[in-house]
Amino acid sequence: MRTAYSVETVRAAERELMARLPDGALMQRAAAGLASACADLLGRVYGSRVVLLIGSGDNGGDALYAGARLARRGAGVTAVLVAPERAHAGGLAALRRVGGRSVGVAGAEELIERADLVVDGIVGIGGKGGLRPDAAPLADAAARSRAAVVAVDLPSGVDADTGEVRGSAIRADLTVTFGTHKPGLLIDPAREYAGVVRLVDIGLALPADATELEALQHADVARLLPLPSAETDKYRRGVVGIAAGSARYPGAAVLAVAGALRGGAGAIRYVGPAADAVIARFPETLVSDRGPKKAGRVQAWVVGPGAGDDAATVAEVLATDVPVLLDADGLRLADAGAVRDRGAPTLMTPHAGEAAALLGVSREEVEGARLASVRELARRYAATVLLKGSTTLVARAGGTGAVRVNPTGTGWLATAGSGDVLSGLGGSLLAAGLPAADAASVAAYLHGLSARFAADGAPLGAHDVAEGIPQAWRDVRG
């Protein structure tokens, strides 16, 4: 599992390690890893033109020492000092000893435009807000240039703890981060600025109970997948109820059922006005026209996709004592108090617009502060929340503990109905007995992986995502 820690936790671990190491040893470890990554990116170091953008913090020191290593291998290295009086003295001296030079920001844009590599060491992980006015033109010049851009620890101008970008920031092709990932490297919008992320181990000892973010990998998902045994029957595998669709949106019901079938449910009970469409596509579905209470035994419910204004069915499902996945129209129709008061787990799956309506803020505010938004929703509704989007996040009920970030998403998932497939898939995993956070995380992982396989670089429809889930399942299991 990939993990990320807050700035405060990283700083504490760095202080503890530095107390046990010779003075400057930790910075040299970081600089060595950074120089190696830069050399790999350049391919040919000798004769290359390298520009270091140097601020006043330790990131600047890391960049200067790394620049000195590159200069010793024959690179022409120039350090642009944003704050000359506060540049790291030891790193600057090391660069100058091996033939590197330093300049101020005046004329730096021309240097950047001619560079093969630009190393961003302007602001460290403690930076807040966008770049200051004296540094912002450097970011613009780096974006215009043909040079590869490498960020030290994280791109300057992004918030390490939240992933927010409030102003000008460096856009990197590669970010070399030290000791552990920072949340901002895994969450949009900051993730878009980081490029490829390379983690350099510098020996930090980080407490497991202080993890801010978790990103499941194949092995983690494989351990969570519900697999039938020889004695398993369809009821032991889990029966999921789907209360979805309407006369206007029958396809939402069909797609939710498709996701549930591919998610491993032993049986599916469908309740709603789209029974004919569901049966026509999936004749194995058990349909009922008597409402959720009389549909028969289920281990979990999915309610809301394409439901229109059927608030009564949403309320009836929320009154049950089994896990409920609440999506789409169900999020709008659900009574907040009824959600908070449920004894069984609730999983809410809003996209940014739906989350904004639930929180009473703008969509832009949710998209700009995804981590804070998903935690607030989980706290306000006492429910597990899966916030869909460019980086899908899963917060546990109450908003405490590590938030999970899904690493398998793709832009091709921005297609009508894909969320309905995800709802069915998540409901199936809930019915199989997975805790809400695990069901949400595994569903998002398989859903994203399926879309990657189904798209293969070309547009796809939601039905393609559903059909690709078995391939994703097999890939995860190896």
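Let me begin with a term: a residue is called buried when its relative accessible area is under 20%, exposed when it is over 50%, and partly exposed in between, using a 1.4 Å probe and protein chains only. The structure above is a predicted model, in which local features need pLDDT of at least 70 and side-chain atom pairs count only at pLDDT 80 or more, while totals for chains, interfaces and linings use all residues. Residues are numbered from 1 along each chain as its sequence is written, and side-chain values use heavy atoms, with hydrogens and water left out.

Six of the eight residues of H14 are buried, namely Ala352, Glu354, Ala355, Ala356, Leu358 and Leu359. These buried residues pack against helices H12 (329-333), H15 (363-368) and H16 (370-381), and against strands E15 and E16, where contact means heavy atoms within 4.5 Å. After H14 comes Gly360, which has a positive phi near 75 degrees.

Next, the sheet. Eleven strands form an open sheet of mixed pairing, in the order E1-E9-E18-E17-E16-E15-E14-E13-E10-E11-E12; two strands pair if DSSP finds at least two bridges between them. At the edges are E1 (2-5) and E12 (286-288), each pairing on one side only. Neighbouring strands are turned by 20 degrees against each other on average, direction ignored. Axes here are lines fitted to C-alpha atoms, for helices over the stretch in contact, and angles between N-to-C directions run from 0 to 180 degrees. E1 pairs with E9 (211-215) in the antiparallel sense over four bridges, and Arg2 has Ala215 in E9 as its bridge partner.

Two helices also deserve mention. Helix H18 (436-455) lies across E15 (346-348), E16 (384-387), E17 (393-395) and E18 (403-405), at about 15 degrees to E16. Helix H9 (250-262) packs on the sheet, touching E10 (239-243) and E11 (267-271), and its direction makes about 165 degrees with that of E11.

Finally, is Asp327 buried or exposed? Asp327, in the loop between E14 (324-326) and H12, is buried, because its relative accessible area is 1%. Its side chain makes a polar contact of 2.6 Å with that of Ser423; such a contact is a pair of N or O atoms within 3.5 Å, and within protein one must be able to donate a hydrogen and the other to accept it, with residues adjacent in sequence counting only if both atoms are side-chain atoms. Leaving aside neighbours within four places in sequence, the contacts of Asp327 include Val303, Thr349, Lys388 and Asp420.
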